[in-house]
Amino acid sequence: DNQQQTVWIFDKLGKFKNSIQRRGNGPGEYMRLTQFEYDKSNERLLLLDMWSKTILHYSTEGTYLRTDTLDRYCADFKILDDGYLLSMIGERDSMAGVFHYRMSENKSKKILSRDCNLTCSYNWEMVSYDNNITFMAPPLEYRLYSCNMTGELNIEIRFKMYPLPSRTYDEDESMEHLQDYIRTNYIETSRWIYATYWNAESSLRVFLFDKQNKTYQNS
C-alpha cells in the first residue's frame, strides 16, 4: 500500500519468509513502489519505482542486485525476453499507451495507443501466464489483447458490453452519475476470463468466460 511501500514474501504454504522495505532515494531504494513482478527464471523480485522510472532487482532474500532505468514513466509492467512491457494507460495525453522497452536499445516503442477522451479509464491490469501477457483495452472499446514474450501484440477477443455507450467522455465525470459501464476488475488464466463492470444506474455486472468451451456466465 502507499503507506508501507513493502513487498511481503511467503512460501507456498503461507509461511512468512521476509520482506523488502527499502523506501528512500539512495542506492537500492525506491521512492514510490507502484508494482512488482517475480522473475521465476532468475529467481528474483523486480520492483517498479514509478517516481524515478526504474525497475529494481532483488533476491528473494531481499538483497539488492541492480537497477534498470527506463526512458518513460509507467504504472504497470511485465517481463519480456528482451526487456519489459510497460503500461501507462491511465494518462490522458501523449504519455498514455502500452510500450515495448528493449534493454539492448535502452529505448521504448509505443505498441498501443488509447482514446484520450475516455476520462473514466484506469490503468490496465496486465496478466501473465504460460509465456503470454494479456490485458483489456480501456472501457468502451471492448477488446482483450495478448502479447507474447517477444513483444508481439495481437487482439485476442472482441466483445461488447450492453447496453452500448450512450455518450463520449471528453470532460471529467462524477462517478455518482456515470451512466455507462466502466471496467473495474479483470483476471485471466489459461482457461478463464473474469471481469466486472460498473455504472451508477445499474450497479455491478460480472461475467466469467470459459475460453475452452466458448461459454460464459454473467449476472
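Student: Is histidine 100 buried or exposed?

Tutor: Some ground rules before that. This is a predicted model, so local features need pLDDT of at least 70 and side-chain atom pairs count only at pLDDT 80 or more, while totals for chains, interfaces and linings use all residues. Residues are numbered from 1 along each chain as its sequence is written, and side-chain values use heavy atoms, with hydrogens and water left out. Now the general idea: buried means under 20% relative accessible area, exposed means over 50%, and partly exposed is in between (1.4 Å probe, protein chains only). Histidine 100 has 4% relative accessibility, so it counts as buried.

Student: Where is histidine 100 in the fold?

Tutor: Helices (H or I, at least four residues) and strands (E, at least two) are DSSP runs, numbered from the N terminus. Histidine 100 belongs to strand β9, which covers residues 98–102. The chain as a whole has 18 strands and zero helices.

Student: Which residues does histidine 100 touch?

Tutor: Contact means heavy atoms within 4.5 Å. Setting aside residues up to four places away in sequence, histidine 100 touches Leu80, Asp82, Tyr84, Lys107, Ser108, Lys109, Ile111, Thr150 and Gly151. With aspartate 82 there is also a side-chain to side-chain polar contact of 3.0 Å. For that term, take a pair of N or O atoms within 3.5 Å; within protein, one must be able to donate a hydrogen and the other to accept it, and residues adjacent in sequence count only if both atoms are side-chain atoms.

Student: What does the side chain of glutamine 5 reach?

Tutor: That one goes to backbone: the glutamine 5 side chain reaches the backbone nitrogen of leucine 33 at 2.5 Å. Glutamine 5 sits in the segment before β1 (7–10). It counts as buried because its relative accessibility is 3%. Beyond its neighbours within four places in sequence, glutamine 5 is in contact with Ile20, Gln21, Arg23, Tyr30, Met31, Arg32 and Leu33.

Student: On to charges. How many salt bridges does the structure hold?

Tutor: The general idea is a side-chain nitrogen of Lys or Arg within 4 Å of a carboxyl oxygen of Asp or Glu. The structure holds five of these. One of them pairs lysine 78 with glutamate 37, with the closest N and O atoms 2.8 Å apart. That pair links distant parts of the chain, 41 residues apart: lysine 78 is in strand β7 (residues 76–80) and glutamate 37 in strand β3 (residues 33–39). Lysine 78 counts as buried because its relative accessibility is 7%, and glutamate 37 is buried too, at 13%.

Student: Which residue forms a salt bridge with arginine 66?

Tutor: Aspartate 68 does, with the closest N and O atoms 2.9 Å apart. Aspartate 68 is at 5% relative accessibility, so it counts as buried, whereas arginine 66, at 35%, counts as partly exposed.

Student: And where are arginine 191 and aspartate 210?

Tutor: Their side chains meet in a salt bridge at 2.8 Å, N to O. Arginine 191 is in the loop between β15 (182–188) and β16, aspartate 210 is in strand β17, and the two are 19 residues apart. Arginine 191 is partly exposed, with a relative accessible area of 29%; aspartate 210 is buried, at 4%.

Student: Which residues of the largest nonpolar core touch the most other members?

Tutor: A nonpolar core is a set of buried Ala, Val, Leu, Ile, Met, Phe, Trp, Tyr and Cys residues joined through side-chain atoms within 4.5 Å. Here the largest has 14 residues, and Met136, Phe159, Met161, Tyr186, Ile193, Tyr197 and Phe207 touch the most other members. At least two residues of this core come from each of β11 (127–129), β16 (192–199) and β17 (203–210). β16 gives the most, with three residues.

Student: Last one: how much of the chain is buried?

Tutor: Buried residues make up 43% of the 219 residues. As for contacts between residues at least 6 apart in sequence, 34% join residues at least 24 apart.
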